[in-house]
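Let's take a walk through this structure together, one chain at a time. Have a look at the view below, and then we will start with a question.

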Amino acid sequence: MTNTWYFYLFFAAALVFAGILGLLLRRNLIKLFIAIEVIAKGISLLLLGTGFVKDNILVAQTLVVTFIVVEVSLVATALALIINIYRQTKSLDVRKLARLKG
Amino acid sequence: MIVQTALLIGLVLFSVLAILLRDLLKSAISLAAASLLLGIIFFRMNAPYAGVFEISVVAGLITVLFILTIALTKAGDEVRESRAANWVFPLFFIAFIIIDALVMKGLLRKIPALASGAETGTFGDVLWKGRTFDLVGQIAVILAGVFAVLALFRKRDKHD
């Protein structure tokens with residue numbers, strides 16, 4: 001049972017690390033958001049993997065469903081923000097947001 | 001277990017591709033493929049509700065939202081990414097995978113299995129009776145998202 005848990009933990013950690021590397025190395029706003037989505041996938045995998053190996057799959061499923069709802073809400077809001085930023089700056093470069101001048 | 005491992009490796013590969021690919025559209029489709037694989041993994045873990053949500057909402061709705069945003073922001077591909085990212089990402093990722101495998105192998109011997117108890121009832125029982133407060137939170141989050149999008153896309157007044 002424990003072996004299976006470490007197996008899922010290994011893949012979840014790989015997904016979260018890939019997402020964090022993407023967040024650190026990319027400059028395109030949409031790419032950054034795709035990296036956040038990859039991290040979210042790692043978290044859902046970890047939640048359900050833990051529930052699976054501990055015979056608590058029903059609770060894990062409810063938590064994952066709640067997490068997906070939160071994720072969708074986050075995506076809708078963040079993409080609306082990205083479109084507004086694009087309208088203002090005509091670019092998706094995250095470095096242009098660092099300029100605080102009007 | 002072999003199929004599950006293959007699916008998990010595919011999930012990680014598509015997720016890495018989604019970050020590495022230069023073309024935004026290909027990235028979004030790669031992310032959708034990763035979600036699809038994650039949904040299949042959920043089905044194989046006896047979690048059909050989570051699988052259905054993952055495939056319909058994350059692989060479907062979120063991909064559509066991403067593609068819509070990419071279509072609305074045409075100059076998105078023109079952002080100059082740092083050249084170092086092309087070799088830094090694979091290097092660090094492979095190094096992390098090796099460290100990850102070693103740490104998990106080490107933990108396997110030291111940390112015993114946590115206690116677990118089998119649960120009874122159905123998914124509906126757990127969701128509506130056990131996690132009722134989560135549902136209230138979900139409704140609040142959905143409303144917050146709707147109002148945020150409405151606020152961001154409202155028409156400007158003449159005074160602005």
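What share of the contacts in chain B with a separation of 6 or more comes from residues 24 or more positions apart? In this predicted model, such residues account for 49% of those contacts.

With that in mind, follow the fold of chain B from one end to the other. Chain B is more spread out than a compact globule, because its radius of gyration is 21 Å, well over the 15 Å that the globule rule gives for 160 residues. Along the principal axes, the C-alpha atoms of chain B fill a box of roughly 65 × 50 × 25 Å. As for burial, 24% of the 160 residues of chain B count as buried.

In chain B it gives domain 1, covering 1-76, and domain 2, covering 122-154. Between the C-alpha centres of these two domains of chain B the distance is 23 Å.

Now turn to the partner chain. Here 66 residues of chain B are in contact with 61 residues of chain A. On the side of chain B that touches chain A, at least two residues come from each of α1 (2-20), α2 (24-44), α3 (48-72), α4 (84-110), α5 (123-130) and α6 (132-152) of chain B. Sorted by class, that side of chain B has 48 nonpolar, 12 polar and 6 charged residues.

Note on methods:
Residues are numbered from 1 along each chain as its sequence is written. Chains are lettered from A and ligands numbered from 1 in the order in which they are written. This is a predicted model: local features need pLDDT of at least 70, side-chain atom pairs count only at pLDDT 80 or more; totals for chains, interfaces and linings use all residues. The radius of gyration is taken over C-alpha atoms; the globule rule is 2.2 Å times the number of residues to the power 0.38. A residue is buried if 20 or more other C-beta atoms lie within 10 Å of its own, exposed if 12 or fewer, and partly exposed in between; C-beta atoms are placed from the backbone. Two residues are in contact if their C-beta atoms, placed from the backbone, lie within 7 Å. Helices (H or I, at least four residues) and strands (E, at least two) are DSSP runs, numbered from the N terminus. Ala, Val, Leu, Ile, Met, Phe, Trp, Tyr, Cys and Pro count as nonpolar, Asp, Glu, Lys and Arg as charged, and the others, Gly among them, as polar. Domain bounds come from an automatic or database domain assignment.
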